[in-house]
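The sequence and the structure come first.

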Amino acid sequence: ISQTAVNLVKEHKDYSQQRCFSFVCDVTKDWSQAPFPTQSLDIVTLIFVMSAISPEKMEEVAKQIAKYLKPGGKVFFRDYGRYDMAQLRFKKGRCIKENFYVRGDGTRCYFFTQEEISQIFTSQGLVETQNLVDRRLQVNRGKKLKMYRVWIQAKFVKPLPSQT
């Protein structure tokens, strides 16, 4: 998470560090210096986060999330779905790996299937409670442009000890 994103959160009038701790973090690196103990998080939101991560690192990120979630804790996920307009518009030479691309600004983007998301999180012991495809037609009336968007939205929960 970038310093710019963290600053936006902290500058909001309703931000309270007693309820939410916002900090810069590279989720693909060592979490041992995280400012909270393992099994302490109630909620982890991953909104267009996982798509920027190399596919070979995604399960390790999910493993760390599961480690830091408390039993009963939840993961809320939303990201790009396979064949989203953004994927279909990438020019030749922008594909790093299958369904993984680099944008002109150097940021990267992966396009998921429901099955991939399910596998990434359930393989780490989390239970899937929702996994759906959100397909929308967005119209830019000014430019007379139709955009077919595809997103995956999913929820996972860390089971209580009595449920394992």
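## Salt bridges

Arginine 136 and aspartate 134 form a salt bridge in which the closest N and O atoms are 2.9 Å apart. Salt bridges with shared partners connect Arg78, Asp134 and Arg136 in one network. The model is a predicted one. Arginine 136 counts as partly exposed, with a relative accessibility of 44%, whereas aspartate 134 is buried at a relative accessible area of 11%. The salt-bridge count comes to 8.

A salt bridge also joins lysine 70 to aspartate 42, with 3.1 Å between the closest N and O atoms. This pair links distant parts of the chain, since lysine 70 belongs to strand β2 and aspartate 42 to strand β1, 28 residues apart. Lysine 70 counts as partly exposed at 30% relative accessibility, and aspartate 42 likewise counts as partly exposed, at 47%. In a further salt bridge, the side chains of glutamate 116 and arginine 82 meet at 2.8 Å, N to O. Because glutamate 116 lies in helix α4 and arginine 82 in the loop between β2 and α3, the pair ties together parts that are 34 residues apart in sequence. Glutamate 116 is partly exposed, with 25% relative accessibility. Arginine 82 has a relative accessible area of 17%; it therefore falls under the 20% limit for a buried residue.

## Aromatic pairs

The count of aromatic pairs comes to 13. For phenylalanine 36 and tyrosine 68, the ring centres are 5.5 Å apart and the planes stand at 85 degrees, so the pair is edge-to-face. Phenylalanine 36 sits in the loop between α1 (3-11) and β1, and tyrosine 68 in helix α2; the pair thus links distant parts of the chain, 32 residues apart. Phenylalanine 36 is buried, with a relative accessible area of 18%, and tyrosine 68 also counts as buried, at 5% relative accessibility.

Phenylalanine 77 and phenylalanine 112 make another edge-to-face pair, with 5.7 Å from centre to centre and 85 degrees between the planes. Phenylalanine 77 is in strand β2 and phenylalanine 112 in the loop between β5 (108-110) and α4, so parts that are 35 residues apart in sequence are tied together by the pair. Both phenylalanine 77 and phenylalanine 112 are buried. These two residues belong to one aromatic cluster formed by Phe77, Phe100, Tyr110, Phe112, Phe121 and Phe156.

## The buried side of helix α4

Helix α4 spans residues 114-122, and its residues Ile117, Ser118, Ile120 and Phe121 are buried. They lie on the same side of α4 because they cover an arc of only 165 degrees around the axis. The buried residues of α4 pack against the strands β1 (41-47), β2 (69-80), β6 (127-140) and β7 (145-157), and against helix α2 (58-68). Phe121, one of these buried residues, is also a member of the aromatic cluster.

## Nonpolar surface

Leu137, Val139 and Tyr148 make up a nonpolar surface patch of about 300 Å². Valine 139 has its place in strand β6 and counts as partly exposed, at 44% relative accessibility.

Leucine 88 lies in helix α3, which comprises residues 85-88. At 59% relative accessibility, leucine 88 is over the 50% limit, so this residue counts as exposed. Its C-alpha atom is separated by 9.8 Å from that of tyrosine 148, 60 residues apart along the chain.

## Overall architecture

The protein has 4 helices and 7 strands. Along the sequence, these elements follow the pattern α-β-α-β-α-β-β-β-α-β-β. The C-alpha atoms fill a box of roughly 50 × 40 × 30 Å along the principal axes.

Of the 164 residues, 35% count as buried. Among contacts with a separation of 6 or more, 66% are between residues 24 or more positions apart. The accessible surface comes to about 10,500 Å², and 51% of this area belongs to carbon and sulfur atoms.

Definitions and conventions: Residues are numbered from 1 along each chain as its sequence is written. This is a predicted model: local features need pLDDT of at least 70, side-chain atom pairs count only at pLDDT 80 or more; totals for chains, interfaces and linings use all residues. Side-chain values use heavy atoms; hydrogens and water are left out. Buried means under 20% relative accessible area, exposed over 50%, partly exposed in between (1.4 Å probe, protein chains only). Helices (H or I, at least four residues) and strands (E, at least two) are DSSP runs, numbered from the N terminus. The arc is that of the directions from the helix axis to the C-beta atoms. Contact means heavy atoms within 4.5 Å. Rings of Phe, Tyr and Trp (its six-membered ring) pair if their centres lie within 6.5 Å; planes under 30 degrees apart count as stacked, over 60 as edge-to-face and the rest as tilted. Patches are made of residues with over 30% relative accessible area and no salt bridge: like charges are joined within 9 Å, nonpolar side chains (Val, Leu, Ile, Met, Phe, Trp, Tyr) within 5 Å. Accessible areas come from the Shrake-Rupley method with a 1.4 Å probe; for residues, only the protein chains shown count as cover. A salt bridge is a side-chain nitrogen of Lys or Arg within 4 Å of a carboxyl oxygen of Asp or Glu.
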